[in-house]
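Thanks for making time for this one. I would like to walk through a single structure with you, going from the overall arrangement down to individual residues.

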Amino acid sequence: MTLALGCIADDYTGASDLANTLTKAGLRTVQTIGVPAADLALPEVDAVVVSLKSRSIPAEEAVARSREAAAWLNARGAGHLLFKVCSTFDSTDAGNIGPVTDALRADAGEAIALVTPAFPETARTVYLGHLFVGAVPLHESPLKDHPLNPMRDSNLVRVLARQSRAPVGLVDLATVAGGAEAVSARLDALAEGGTGAAIADAVLDRDLAVLGAAALTRKVSTGASGLGLGLARALVAAGRVAPAAAQGDLGPAIGGPAACLAGSCSQATLGQIAKAEAVMPVRRLDPARLLSGEDEAGAALAWAGERIGDGPVLIASSAGPEDVAAVQARYGRDAAGHAIEAAMARIAEGLVAHGVRRLVVAGGETSGAVVDRLGLPAFRVGPEIAAGVPVLRTTDRDMWLALKSGNFGGPDFFADALRLMP
Ligand SMILES: Nc1ncnc2c1ncn2[C@@H]1O[C@H](COP(=O)(O)OP(=O)(O)O)[C@@H](O)[C@H]1O
Ligand SMILES: O=C(O)[C@@H](O)C(=O)COP(=O)(O)O
């Protein structure tokens, strides 16, 4: 297997978002969980997305795991490496976008990396280095209240510079409008002056096609699914990939009990949970009880066990910014996050023991904890539920999953997802 594109995603939902985009663009794609074991049987594919849970861990660990993933992908002949980060640039001044980009770029012998989280399909656009989420700058969007990485600066040149070794530059929209060669020339000029990474503007899909073509002339780039789309288009245009039809039949229906878990506290997920209440029983975990050692997970599982035979259920820890702030003030941000993720993972394991084979999870870190606990090695990519969220089928057993980025999906996401999991 020689890969046209090797991808390293910093969380599992982001990985399935990228796998979805690449599949839609005609690349045969598999999503692996962690760096695959040497003996993992993979179908013939154009792209592999290695999912790491490296967005919110110490920078040196994120660098080490990303390097390991890069080595695996390079050993399979990956023509280009894309480090997939969040379209809302989720990170802190300690990393991990800067340190991982620096390391992958240095290992590849490149002087500069193109970086863009633009993903117009989900209303993430970058202009003069400033990231917009819908109609508002990042720092005015709900991401300003993210439980783990509140995003309070929209100027990504500044954000990335705070977490990078070398200076960070800008490829502005006027340069992008000049085409891939103009972008490459700008990158060369920046690199000559010692700049190690450049935020690239993009507001439309056609800008991504230009950026993809420019990125492909180097070995490493960093971005969200939008850059993945640009790279996929450039690979097809260059004849390096023969576009395949989107994957159709992923196997027979599985049926049986279904469940949803939500650990995301995003505005979108809070709305989706409220809507789900009309169509399925919803259990809300009490974080204070959970964090003070009460068996909230066990109680939620007992609750689910009584209902799961009658239809899908949803269990959520999600809460609004004030409640999250109160929990974090009392128990600490990371301790609260990890304990709630661990409870979700335990609940998922219990649900599978109750026979659940159709599982929807909302939240990137939450999905990481759940998938790790279930020990799922890799997924094939099925139909799209909403922009950035595909249905996934595990390669080693009969199970449907959907791993939803907190911010993605329409108001009826949970019901929409289950409809596509026969
Ligand atoms: N009620 C709550 N209070 C505090 N933290 C919470 C609460 N519910 C969930 N969390 C934590 O918030 C984080 C949400 O992150 P994540 O699952 O990645 O969602 P998103 O996709 O929205 O970023 C997780 O660490 C989760 O455990
Ligand atoms: O790029 C995106 O927005 C998503 O693919 C993503 O990474 C979302 O992260 P979470 O919201 O933490 O799931």
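This is a predicted model: local features need pLDDT of at least 70, side-chain atom pairs count only at pLDDT 80 or more; totals for chains, interfaces and linings use all residues.

To the contact between them, domain 1 contributes 28 residues and domain 2 contributes 29 residues. On the side of domain 1 that touches domain 2, α1 (12-24) and β2 (29-33) each provide at least two residues, and the largest share, nine residues, belongs to α1. By class, that side of domain 1 consists of nine nonpolar, twelve polar and seven charged residues.

Let me turn to the helices. Two packed helices are described by the angle between their axes and by the distance between those axes, and I will quote both for each pair.

For helix α7 (residues 205-215) and helix α8 (residues 225-237), the axes approach to within 7 Å and cross at roughly 65 degrees, which means that α7 is roughly perpendicular to α8. The crossing of α7 past α8 is right-handed. On the α7 side the contact is formed by D205, L208, A209, L211, G212, A213 and A215, and on the α8 side by G226, L227, L229, G230, L231, R233 and A234. Sorted by class, the residues in this contact of α7 with α8 are nine nonpolar, three polar and two charged.

The next pair is helix α12 (residues 321-331) with helix α13 (residues 333-353), whose axes come within 7 Å and cross at roughly 110 degrees, so α12 is likewise roughly perpendicular to α13. In this case V327, Q328 and Y331 of α12 meet R333, A335 and A336 of α13, and the contact comprises four nonpolar, one polar and one charged residues.

Helix α13 also packs with helix α14 (residues 364-374), and how do their axes cross? They come within 8 Å and cross at roughly 45 degrees, and α13 and α14 are therefore oblique to each other. α13 passes α14 in a right-handed crossing. From α13, the residues G337, E341, A342, M344, A345, A348, E349 and V352 meet E365, T366, A369, V370, D372, R373 and L374 from α14, and by class this contact has eight nonpolar, two polar and five charged residues.

Finally, the backbone. Most residues other than glycine have a negative phi, and most peptide bonds are trans. Against that background, G95 and N96 are joined by a cis peptide bond with omega at about 5 degrees, and N96 sits in the loop between β4 (81-84) and α3 (97-108). A123, which is not a glycine, has a positive phi of about 65 degrees, and A123 belongs to the loop between β5 (113-116) and β6 (124-127).

Key. Residues are numbered from 1 along each chain as its sequence is written. Chains are lettered from A and ligands numbered from 1 in the order in which they are written. Axes are lines fitted to C-alpha atoms, for helices over the stretch in contact, and angles run from 0 to 180 degrees between N-to-C directions. Helices (H or I, at least four residues) and strands (E, at least two) are DSSP runs, numbered from the N terminus. Angles under 35 degrees count as roughly parallel, over 145 as roughly antiparallel, 65 to 115 as roughly perpendicular and the rest as oblique. A crossing is left-handed if the near helix is turned anticlockwise from the far one by less than a right angle, and right-handed if clockwise. Two residues are in contact if their C-beta atoms, placed from the backbone, lie within 7 Å. Ala, Val, Leu, Ile, Met, Phe, Trp, Tyr, Cys and Pro count as nonpolar, Asp, Glu, Lys and Arg as charged, and the others, Gly among them, as polar.
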